[in-house]
Amino acid sequence: MVTTYKHHIGGKWIRSFSGKTFMSINPANKAPVGKFQQGNRQDIDAAVRAATSAFKSWKDVPAPKRGEILLRAAQILRKRKEKFARIVTKEMGKVISEGRGDVQEAIDIFEYMAGEGRRLFGHTTPSELRNKFCMTFRQPLGVVGLITPWNFPIAIPAWKLAPALICGNSVIFKPSSDTPLCATKLVALLIEAGIPSGVLNLVTGSGNDVGMALVKHPSIRGISFTGSRTVGEKIVQYAGLKRVGLELGGKNPIIIMEDADLELAVEGVIWGGFGTTGQRCTAASRVIVHHKVKKQFEKRLLDHIKKLRVGDGIKKTTDVGPLINQKAVEKVHGYTLIGKQEGARLLHGGRFLNKKGFFYEPTVFSDVSPSMRIAQEEIFGPSISIIAVKDIKEAIDVCNRIEYGLSSSIYTNNIQNAFLAIEKIEAGITYVNASTIGSEVHLPFGGVKLTGNGTREAGIEGIYEFSETKTIYVDYSGKLQKAQIDDVMVR
Ligand code: NAP
């Protein structure tokens, strides 16, 4: 028996106006996970009506009280961490230890943003005139739409929901059609924690129908989107004057200098390249190695890769889980064929694995030149490209010869190299002697160039995406004072 799940609109679990459903499956074995509502524009209209009405009272709930609800959500989630982690692995495929990490990120951001309920700082500043007080404070945008991908099916929604709710917005959440169960369980948990009716609405269904209806809706004040560059560009085209936050793709480099701790670097490349089966926006997909250590690095890398066990992520013994779906397998294999045609040397992998689910061998190309498509385009799978360079200058140049700019890393024991990389790499994040993945919720997260449009998630900057700044002047001089015109004498 496959359970049928519903939208959550105006405090009720309801069916779609479309009367249609779609299936979510386990990528490790293609078994059904659940049936979900195939939403449409009418569902979005209903959700916007509910959210608009709920916003009127939610925005006036004191922010520390909104924070208490988020804290309660964190506490419940902590108790059910294992249960949620298993749902993540069942629906998205990542190995169970990473499933736990996905849930932990949500706990962390709920706790962090609960604390923001007692801060939400504006600032005070002196006036240029006497007896006048100046300050800013934060107000919610209104009804906001959240559109999320499948690769962090609990963490990414939580990264958007927590700041949106703490700022006093009401929300319509459209999750990826590959992971609607994770989204449904997360919304149910927040409702249980005390989010009032209509403040948090869930509408499942396709990007073209539900996502676009949300993006185009005139009553929505902001859209926060994480996903592919293609869809991000489409959203900008149709969102009009809404505030839009975009977190898009990456093609993240790891530089390995001749003075690096090679064993540490190899571990970082394995973790960054094949963790989450390479399906992280911050996944390491270009390894830029000093030519003097390239041979030694490749030998050690192959020794490690041969030990990786690919399989169902629910088994403790698995290191690399499946890809999300058949389309992803075809995309990754397509890039293997492209790499071969381009003249790169296939060091390892490059084949489908003959199993029940969507499995692909960890793949490594060497002798890759920086302009090859495998070194320029986001593959979003377990495939890395090794590029040799002669010095730090060339390494940074290769790093930056790319349209994306999300994460980056350098392995070196030379302080000059480290600081040159910190300063010169064009990316939103740079790690030194650590891999490209593993962000912490109290620091801002996001990229430069075509990875986004400048917004940051998490940390204090996560609040900026979901709030307006209001500027206040209080004149207590009791007379007309004119800024820029009245000349205040210095005595
Ligand atoms: P995607 O295909 O762009 O989908 C993301 C979300 O957008 C899904 O909910 C999707 O719905 C929806 N969508 C699709 N078409 C739409 C449209 N025309 N209008 C509105 N919404 C639409 O991306 P994905 O495959 O889920 O995720 C992988 C991508 O996300 C990679 O490029 C990765 O780098 C990026 N990512 C970036 C970050 C970051 O923080 N920078 C983090 C994680 C992932 P359906 O599922 O129904 O199609």
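This is a predicted model: local features need pLDDT of at least 70, side-chain atom pairs count only at pLDDT 80 or more; totals for chains, interfaces and linings use all residues.

**Entry 1: G357**

Buried or exposed, I asked of G357? I got a relative accessible area of 10% for G357, which is under the 20% limit, so it goes down as buried. I then looked up its place and found G357 in the loop between β14 and β15. Next I wanted its contacts, leaving aside neighbours within four places in sequence: G357 touches P27, A28, N29 and K30. I also checked G357 against another glycine, G198: the two are 159 residues apart in sequence, and their C-alpha atoms are 38 Å apart in space.

**Entry 2: salt bridges**

Side chains of opposite charge can pair when their charged atoms come close. How many salt bridges does a search of the whole structure find? My search came back with 26.

I looked up accessibility for each partner. E361 is buried, at 11% relative accessible area, whereas R351 is exposed, at 52%.

Then I took D367 with K294, a salt bridge with its closest N and O atoms 2.8 Å apart. This pair links distant parts of the chain, 73 residues apart: D367 is in the loop between β15 (363–366) and α12 (373–376), and K294 is in helix α10 (residues 294–305). On accessibility I have D367 as partly exposed, with 37%, and K294 as buried, with 12%.

My last pair is R373 with E377, whose side chains meet in a salt bridge at 2.8 Å, N to O. I get 39% relative accessibility for R373, so it counts as partly exposed. E377 is partly exposed too, with a relative accessible area of 25%. Which residues do salt bridges with shared partners join into one network? I wrote down K294, E298, R345 and D367.

**Entry 3: helix packing**

Two packed helices are described by the angle between their axes and the distance between the axes.

*α2 and α4.* Helix α2 (residues 63–79) packs on helix α4 (residues 96–116) at an angle of about 155°, and I find the axes 8 Å apart. Angles over 145 degrees count as roughly antiparallel, so that is how α2 runs relative to α4. I put the crossing of α2 and α4 down as left-handed. From α2 the contact takes in G67, L70, L71, A73, A74, L77 and R78, and from α4 it takes in V103, Q104, A106, I107, F110, E111, M113 and A114. I sorted the residues of this α2 and α4 contact by class and got 11 nonpolar, 2 polar and 2 charged.

*α7 and α8.* For helix α7 (residues 207–216) and helix α8 (residues 229–238), I find axes that come within 9 Å and cross at roughly 40°. α7 and α8 are therefore oblique to each other. Their crossing is right-handed. On the α7 side I listed N208, M212, V215 and K216, which meet K234, I235 and Y238 of α8.

*α13 and α14.* Helix α13 (residues 392–400) and helix α14 (residues 415–424) have axes that come within 11 Å, and I read a crossing of roughly 25°. That makes α13 roughly parallel to α14, since angles under 35 degrees count that way. I have the crossing of α13 and α14 as right-handed. I392, I396 and N400 of α13 meet N417, L420, A421 and K424 of α14. By class, I log 4 nonpolar, 2 polar and 1 charged for the contact of α13 with α14.

Notes:
Residues are numbered from 1 along each chain as its sequence is written. Side-chain values use heavy atoms; hydrogens and water are left out. Axes are lines fitted to C-alpha atoms, for helices over the stretch in contact, and angles run from 0 to 180 degrees between N-to-C directions. Helices (H or I, at least four residues) and strands (E, at least two) are DSSP runs, numbered from the N terminus. Angles under 35 degrees count as roughly parallel, over 145 as roughly antiparallel, 65 to 115 as roughly perpendicular and the rest as oblique. A crossing is left-handed if the near helix is turned anticlockwise from the far one by less than a right angle, and right-handed if clockwise. Contact means heavy atoms within 4.5 Å. Ala, Val, Leu, Ile, Met, Phe, Trp, Tyr, Cys and Pro count as nonpolar, Asp, Glu, Lys and Arg as charged, and the others, Gly among them, as polar. A salt bridge is a side-chain nitrogen of Lys or Arg within 4 Å of a carboxyl oxygen of Asp or Glu. Buried means under 20% relative accessible area, exposed over 50%, partly exposed in between (1.4 Å probe, protein chains only).
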